[in-house]
Amino acid sequence: MIVSSSATQSLSVTLAAETGRELAPVSYERFPDGEQKVQVGAVGDRATVVASTVSDGDWVQLLQLQDALREVGCEEITTVLPYMGYARQDRAFEAGDPVSARAMARAISTGTDRVVTVNPHETAVCDFFDVPTESVDAGGVLAEPLPELVDPLFLSPDAGAIDLAETVRDAYSTGETDHFEKTRHSGSDVSIEPSEAAVEGRDVVLVDDIVATGSTMSESVAVLADRGAARIFVTCVHPLLVQNAHLKLSRAGVETIYGTDTIERPVSTVSVAPAIADAL
Ligand code: R5P
């Protein structure tokens with residue numbers, strides 16, 4: 001059975017259809033003091049819990065769901081983390097910092113037999129789990145909603161996302177790839193060092209794993225607009241889109257923003273369910 005968290009219901013429904021598995025009965029409530037209360041019905045011996053962990057509350061709910069499943073007699077639990085929050089905190093950046101991704105991974109490992117995650121910021125994050133953990137590359141689906149493009153360039157804002165840009169280009173089946181270089185000064189302040197890519201008159205698809213504040217993308221868009229790019233599209237696996245990110249990108253001149261359903265947002269136009277189903 002598929003056991004959905006409250007934040008991952010659309011993806012869970014799609015995944016249930018994709019795998020032919022049933023959706024488990026689950027309810028989500030809160031006690032008057034604000035603490036979460038989840039309840040699951042009978043699920044049998046094996047269950048797959050699906051939970052993106054965007055907020056701290058999502059992490060708590062996932063731990064509760066795992067524990068509830070053991071309580072109702074489930075013997076084999078797979079945990080799907082479509083979006084793993086805290087994955088970008090994969091090292092201690094300054095003395096005294098925790099390795100938060102490791103802390104979260106260890107906590108999740110106590111309640112599951114296996115983990116499947118989708119395009120984590122770095123695949124090395126899988127090593128932090130104490131149970132077998134696999135990362136699924138769902139980047140290819142990002143090509144599906146793209147319109148017909150003119151002389152397309154698939155561009156990542158830094159070298160770290162060039163593989164993803166190549167995956168999207170390969171799935172689209174034509175176009176060039178390139179990357180800029182990014183320097184992060186703070187959580188919302190980045191600067192972009194552009195490459196010499198010729199963009200004038202071309203459609204450009206900016207590709208990244210995550211769009212959070214939209215600062216990385218909007219800085220890149222400014223360069224592209226200045227250099228005479230035709231249309232500029234933004235696509236990402238995890239459309240976090242916090243604060244005014246959507247507005248910021250639209251005001252910068254982005255034609256359309258695309259994302260998957262690892263995080264359920266209005267821009268979540270494609271599903272990672274088939275990629276997850278293959279891994280289950
Ligand atoms: C980090 O390096 C990721 O690949 C993204 O570039 C980053 O999360 C984007 O963050 P923001 O939208 O806040 O610039």
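**Cavity, pocket, cores**

A: Lining the largest cavity are Y83, M84, A87, R88, V118, N119, P120, H121, I210 and H238. Keep in mind that this is a predicted model.

Q: How much space lies in the largest cavity?
A: About 50 Å³.

Q: And how many cavities of 30 Å³ or more does a search of the whole structure find?
A: One.

Q: What is the lining of the largest cavity like by class?
A: Six residues are nonpolar, three are polar and one is charged.

Q: What about classes in the lining of the largest pocket?
A: 15 nonpolar, 16 polar and 11 charged residues.

Q: Which domains does the lining of the largest pocket draw on?
A: Domain 1 (2-138) and domain 2 (140-261) each supply at least three residues.

Q: Let's do the domains, then. How far apart are the centres of domain 1 and domain 2?
A: 29 Å, taken over C-alpha atoms.

Q: How many residues are in contact between domain 1 and domain 2?
A: 10 residues of domain 1 are in contact with 12 residues of domain 2.

Q: Switching to packing. Which residues in the largest nonpolar core touch the most other members?
A: L15, L146, L149, F154, V168, V205 and I276, out of 33 residues in that core. Several elements supply at least two residues each: α1 (9-19), β6 (114-118), α4 (162-172), β12 (204-211), β13 (232-239) and α7 (273-279).

Q: Where does this core lie relative to domain 1 and domain 2?
A: Between them, because both domain 1 (2-138) and domain 2 (140-261) give residues to this core.

Q: Zoom in on V168. What is V168 in contact with, leaving aside neighbours within four places in sequence?
A: G139, L142, A143, L146, F154 and V207.

Q: Which residues does the second core include?
A: A51, W59, L69 and A105 are among them. That core is separate and has 25 residues.

Q: New topic: P157. Where does P157 lie?
A: In the loop between β8 (153-156) and α4.

Q: Is P157 buried or exposed?
A: Buried. P157 has a relative accessible area of 0%, and the cut-off for buried is under 20%.

Q: What is P157 in contact with, leaving aside neighbours within four places in sequence?
A: F180, E181, K182, I192, V207, D208, T216, M217 and S220.

Q: And how far is the C-alpha atom of P157 from that of E29?
A: 40 Å, with the two residues 128 apart along the chain.

Q: Last one, A197. Where does A197 lie?
A: In the loop between β11 (190-193) and β12.

Q: Does A197 count as buried or exposed?
A: Buried, because its relative accessibility is 12% and the cut-off is under 20%.

Q: What does A197 touch, not counting residues up to four places away in sequence?
A: L153, D178 and R227. The C-alpha atoms of A197 and D178 are separated by 7.0 Å, and these residues are 19 apart along the chain.

Note on methods
Residues are numbered from 1 along each chain as its sequence is written. This is a predicted model: local features need pLDDT of at least 70, side-chain atom pairs count only at pLDDT 80 or more; totals for chains, interfaces and linings use all residues. Side-chain values use heavy atoms; hydrogens and water are left out. A nonpolar core is a set of buried Ala, Val, Leu, Ile, Met, Phe, Trp, Tyr and Cys residues joined through side-chain atoms within 4.5 Å. Buried means under 20% relative accessible area, exposed over 50%, partly exposed in between (1.4 Å probe, protein chains only). Helices (H or I, at least four residues) and strands (E, at least two) are DSSP runs, numbered from the N terminus. Domain bounds come from an automatic or database domain assignment. Contact means heavy atoms within 4.5 Å. Ala, Val, Leu, Ile, Met, Phe, Trp, Tyr, Cys and Pro count as nonpolar, Asp, Glu, Lys and Arg as charged, and the others, Gly among them, as polar. On a 1 Å grid over the protein atoms alone, a cavity is a set of points where a 1.4 Å probe fits but cannot get out, and a pocket is an open set with protein on both sides within 12 Å along at least five of seven lines; lining residues have an atom within 4 Å of a point. Grid points are joined across faces, edges and corners, and a volume is the space filled by probe spheres set on the points.
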